[in-house]
Amino acid sequence: MNKKIALSFCAVLFLGIASAQKPEDTELYTPVPAVVTPGNTIGQPPSDAIILFDGKDLDKWEDADNPDKPANWIVKNGILIVNKKAGNIQTKQKFGDYQLHIEWREPKDIQGQGQERGNSGLFLASTGPGDDGYEMQILDSYNNKTYTNGQAGSIYKQNAPLVNPNRKPGDWQSYDVIWTAPCFQKDGSLKSEARVTAFFNGVLVQNNFTLEGPTLYIGHPSYANARQSLCSIKLQAHGDKSKPISFRNIWIRPL
Ligand code: MG
């Protein structure tokens with residue numbers, strides 16, 4: 001067979017195989033995605049969510065530094081207000097990968113500058129007392145200059161938000177977060193890093209960002225001392241002097 005005939009033979013063979021393929025070959029019917037009823041409006045939990053705060057009590061939360069003690073923040077008129085003296089609070093239940101919704105509000109008359117202006121934080125995974133975990137910053141960044149990887153919507157000291165969709169103080173704001181927990185080998189060494197995708201007031205601010213390790217205030221993060229995939233979710237009682245911020249409508253869907 002000369003070269004030209006050989007090439008023609010290959011082309012015919014290829015076309016023959018291609019035509020033997022059917023559309024159905026790439027159409028999957030199982031597993032069937034579960035039916036979930038969405039909330040009526042943005043912010044209302046879907047039917048399969050675990051409600052972490054519904055405006056009534058803190059039954060799902062505990063003191064982060066003393067997990068045997070109840071969470072001692074203020075529940076009033078359906079909202080949760082940070083009690084700075086009481087310290088951080090965290091969920092009793094531990095989570096791996098999840099989708100989380102949380103709403104927060106800065107006081108209308110917020111004062112202070114930079115990191116001292118309505119600072120709190122959503123710790124996406126916190127392994128226990130004394131461990132900061134992985135912080136998505138909460139701050140009034142409506143008109144407040146600070147380092148970009150420390151403004152609202154940032155993964156604190158690791159990644160600035162893609163944009164700044166802050167609403168003004170006094171307005172409710174939302175985070176919707178998709179968290180992929182880090183995985184570890186049996187010997188504690190890292191198998192895969194944590195990743196996060198996040199929407200701030202419905203706008204994408206973190207796009208499948210790979211974290212370098214748990215949040216550090218000083219120094220570069222690493223997974224050297226991180227060992228856990230299943231963690232509590234923690235809310236920060238920051239020591240700034242501005243009035244405390246509020247939360248409402250917190251729910252989660254483990255993945
Ligand atoms: Mg903070």
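View A. Ile218 lies in the loop between strand 13 (203–210) and strand 14 (232–235). Strands are DSSP runs of E, at least two residues long, numbered from the N terminus. This is a predicted model: local features need pLDDT of at least 70, side-chain atom pairs count only at pLDDT 80 or more, and totals for chains, interfaces and linings use all residues. Residues are numbered from 1 along each chain as its sequence is written, and side-chain values use heavy atoms, without hydrogens and water. Ile218 is exposed, with a relative accessible area of 68%; exposed means over 50%, and buried under 20% (1.4 Å probe, protein chains only). Tyr147, Tyr217 and Ile218 form a nonpolar patch with about 370 Å² of accessible area together. Such a patch takes residues with over 30% relative accessible area and no salt bridge, with nonpolar side chains joined within 5 Å.

**View B. Protein donors surround the magnesium ion.** The donors are Asn119 (OD1), Ser120 (O), Glu135 (OE), Gln137 (OE1) and Gln236 (OE1), 2.2 to 2.3 Å from the ion. Donors are N, O and S atoms within 2.8 Å of the metal (3.2 Å for Na, K and Ca). Ser120 is in strand 7 (residues 120–126) and Glu135 in strand 8 (residues 135–138), 15 residues apart. Both Ser120 and Glu135 are buried.

**View C. Gln173 is buried in strand 9 (residues 172–180)**. Its relative accessible area is 1%. A polar atom of the Gln173 side chain lies 2.7 Å from the backbone nitrogen of Arg167.

Notes
Helix = DSSP H or I, 4+ residues; strand = E, 2+ residues; numbered from the N terminus. Polar contact = N/O pair within 3.5 Å; in protein donor to acceptor, adjacent residues only side chain to side chain. Patch = residues over 30% accessible without salt bridge, like charges linked within 9 Å, V, L, I, M, F, W, Y side chains within 5 Å. Areas by Shrake-Rupley, 256 points an atom, 1.4 Å probe, with all protein chains shown as cover. Salt bridge = Lys/Arg side-chain N within 4 Å of Asp/Glu carboxyl O.
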